[in-house]
Amino acid sequence: MPTLCDGRTMQVVIVKASRPDEQDRTYLIREGRSDRAPVHALHDLPHLVVESLFGLGDGLWGELAQGMHFEAEAAASARDPKRQKLGRIVSGAASGSRTGTWLSDGHRLAKAATNAVTNRWGDGPDTPAGARQRISAAEGERARVLLDRLDDETIALAIWGVRELDARWAVTPPGDALELHWPLPRSFFDAGVSR
């Protein structure tokens, strides 16, 4: 399994909303400091799996580990619900810009890879070959370089990992927390390897 080059790690604590009128809350613990983060479990947990397994240290989670997206983090912790809505990294709402104007190349590749692995729109089979086809269609040369270093076992493990983390989130009771790390440790993937 690829690993991050810079060795940054971060604890991730996602607290599931306990009432329908509440939002889930995510806290990132970096170098002993805890900050509220603009993470949306259903969208960003698959990113955690794919970026960890594919060694994408410059995607969403790598950026969060580096403390990027300050405006979105500040908005996520705001008391005013209208201001909280600005705490969405993917939409670029906090910066007031369209995603294409500020999303880094690494984040864009991580987004394409994650979308290809999750295949929420049912675009072809949920197999390594299907994911490869979706990734290669998305990001040109950078996608080709990524795909050249990934074997089918790694892609299959990512498909399994996304489903596993989605299932863990689904059974997390309201008000309870799901505690993870960026990058996900090898032990998370061990059950998928032995399947």
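How many helices and strands does the secondary structure of the protein comprise? The count is nine helices and four strands, where helices (H or I, at least four residues) and strands (E, at least two) are DSSP runs numbered from the N terminus. This is a predicted model, in which local features need pLDDT of at least 70, side-chain atom pairs count only at pLDDT 80 or more, and totals for chains, interfaces and linings use all residues. Residues are numbered from 1 along each chain as its sequence is written, and side-chain values use heavy atoms, with hydrogens and water left out.

**View 1. The open sheet of four strands.** The strands follow the order S3-S2-S1-S4 with antiparallel pairing; two strands pair if DSSP finds at least two bridges between them. Strand S3 (33-37) and strand S4 (177-182) are at the edges with a single partner strand each, so one side of each has no neighbour in the sheet. On average, neighbouring strands of this sheet are turned by 25° against each other, direction ignored.

**View 2. The pairing of S2 and S3.** Strand S2 (residues 25-30) joins S3 in the antiparallel sense over five bridges. Opposite Thr 26 stands Ala 37 in S3.

**View 3. Helices H1 and H8 at the sheet.** Helix H1 (residues 41-54) lies across strand S1 (10-15) and S4, and runs at about 30° to S4. Helix H8 (residues 152-170) packs on the sheet and touches S1 and S4, contact meaning heavy atoms within 4.5 Å. The direction of H8 makes about 150° with that of S4. Axes are lines fitted to C-alpha atoms, for helices over the stretch in contact, and angles run from 0 to 180 degrees between N-to-C directions.
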